[in-house]
Amino acid sequence: MGNRGMEELIPLVNKLQDAFSSIGQSCHLDLPQIAVVGGQSAGKSSVLENFVGRDFLPRGSGIVTRRPLILQLIFSKTEYAEFLHCKSKKFTDFDEVRQEIEAETDRVTGTNKGISPVPINLRVYSPHVLNLTLIDLPGITKVPVGDQPQDIEYQIKDMILQFISRESSLILAVTPANMDLANSDALKMAKEVDPQGLRTIGVITKLDLMDEGTDARDVLENKLLPLRRGYIGVVNRSQKDIDGKKDIRAALAAERKFFLSHPAYRHMADRMGTPHLQKVLNQQLTNHIRETLPSLRSKLQSQLLSLEKEVEEYKNFRPDDPTRKTKALLQMVQQFGVDFEKRIEGSGDQVDTLELSGGARINRIFHERFPFELVKMEFDEKDLRREISYAIKNIHGVRNDLGRKVGVVSRTRLEEGSRSGASGVGSARRDRGSQRGAVLKVVKSSLGAEKCRISWL
Ligand SMILES: Nc1nc2c(ncn2[C@@H]2O[C@H](COP(=O)(O)OP(=O)(O)OP(=O)(O)O)[C@@H](O)[C@H]2O)c(=O)[nH]1
Ligand SMILES: [Mg+2]
């Protein structure tokens, strides 16, 4: 990278992230980061682990990652890790880091495959990493297992959406090569929030597992489903490699050999593999921060200005000043209105990452739960039709039928009038009189003649 100022951008954002975590949500700004999404067992955690060069993430078959993991990689001379939930402890044994992630996951989700959107914050200092902030997310799954709720698919999607819908996030969409790209859950979700593919980076894993005679050359050359930031292929360790405790360094060497020796990838071997992916992500995140920096800066400055103004006002503060009280009350009412509207409309300034709330919740109820409940209901079609017809009639009251009849009679009378060539004031008056009579007749027959007293006619 060469440029020291640029190198310090990611640590600077990390500092802001920590400052915001310590003061809570009230000053929340969306900070640039990379969210890793993909189907279950696509190899998301494996990719991240390779960046660090250590075995420290829970991996395997079935659902493994069950809470978001915000992983800050920080270049440093010494190698250790620390969690935000136990900041005083420095982990130098990475097996312990994995155990802590597992224990911390279970603490919130229980042990039977439950999930939770509450993130775990982990920081890894190492001489082998480039500065990066990544979020490892649970894989998209469809069928609930263990303690998972029936709507597990929607819950995981909601959780992922909370991270990837922010404009400030880059999306690392991980798809295994032994699956059709058109069916990629990762790309489907990324497309929902980034239809033009501007902030999506494609990663293709498991290239070693493709059927003999097939390859992913078209995808990797960005021809099949083009993304502005393109695709990078990687080969992670297989489950057998993990069980056999294959060293990551050996795995990275094997990956390099794979690309150099494969006839379909040889010509682009320098643009493939984990080290290249790490470099590209570091550059893209840095550039992304640089692009978002002006707006981030102006938001921070305006927050600072308004806070300074507020502090200034409090210098002459007298709690018993009646004008102050009225002003405060009005401000509160106004603020309530603004907050309420934001909750319903949705806004990026206070995104709840723990659960769906406000408008999003209403949206979900109407678009997911409501149709789901409707489908579950059983109706007798005849009864339903009768109820609907009564409801329509009761809503209309006298209006519709009456209006229609009046309209028809008036029209007929007018047509008759013009046909008979009636003209002049006398005939017009006669005509109006007979129209009134006709209308009165219709109204009486509609409402019951003896009960009807229609003085306006
Ligand atoms: N052969 C091979 N196996 C891989 C590759 N990438 C991942 N795997 C295996 O796929 C399984 C799932 O990998 P994970 O990294 O846990 O996948 P994940 O996407 O994090 O899974 P969840 O967190 O459960 O969604 C593990 O057994 C890995 O060893 C690859 O490139 N090649
Ligand atoms: Mg995982």
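## Exercises around helix α3

Helix α3 is mostly covered, with nine of its nine residues buried; buried means under 20% relative accessible area, exposed over 50%, and partly exposed in between (1.4 Å probe, protein chains only). Helices (H or I, at least four residues) and strands (E, at least two) are DSSP runs numbered from the N terminus.

This is a predicted model, in which local features need pLDDT of at least 70, side-chain atom pairs count only at pLDDT 80 or more, and totals for chains, interfaces and linings use all residues. Residues are numbered from 1 along each chain as its sequence is written, chains are lettered from A and ligands numbered from 1 in the order in which they are written, and side-chain values use heavy atoms, with hydrogens and water left out.

**Exercise 1. Describe how helix α3 (residues 44–52) meets helix α10 (residues 274–315).**

Step 1. Start with the axes, which are lines fitted to C-alpha atoms, for helices over the stretch in contact; angles run from 0 to 180 degrees between N-to-C directions. The two axes come within 10 Å and cross at roughly 85°.

Step 2. Classify the angle: under 35 degrees counts as roughly parallel, over 145 as roughly antiparallel, 65 to 115 as roughly perpendicular and the rest as oblique. Helices α3 and α10 are therefore roughly perpendicular to each other.

Step 3. List the residues in contact (heavy atoms within 4.5 Å). From α3 come Val47, Asn50 and Phe51, and from α10 come Thr274, Leu277, Gln278 and Leu281.

Step 4. Sort them. Ala, Val, Leu, Ile, Met, Phe, Trp, Tyr, Cys and Pro count as nonpolar, Asp, Glu, Lys and Arg as charged, and the others, Gly among them, as polar. This contact has four nonpolar, three polar and no charged residues.

Step 5. Walk off the end of α3: Gly53 follows, with a positive phi near 75°.

**Exercise 2. Trace the sheet and find the partners of strand β2.**

Step 1. Two strands pair if DSSP finds at least two bridges between them. The sheet is open, with nine strands in the order β4-β3-β5-β2-β6-β1-β7-β8-β9 and mixed pairing.

Step 2. Its edges are β4 (86–91) and β9 (231–233), each pairing on one side only. From one strand to the next, the twist averages 25°.

Step 3. Strand β2 pairs with β5 (residues 120–126) in the parallel sense over seven bridges, and Ile74 stands opposite Tyr125 in β5. With β6 the pairing of β2 is antiparallel over five bridges, and Leu71 stands opposite Leu134 in β6.

Step 4. Finish with burial: six of the seven residues of β2 are buried.
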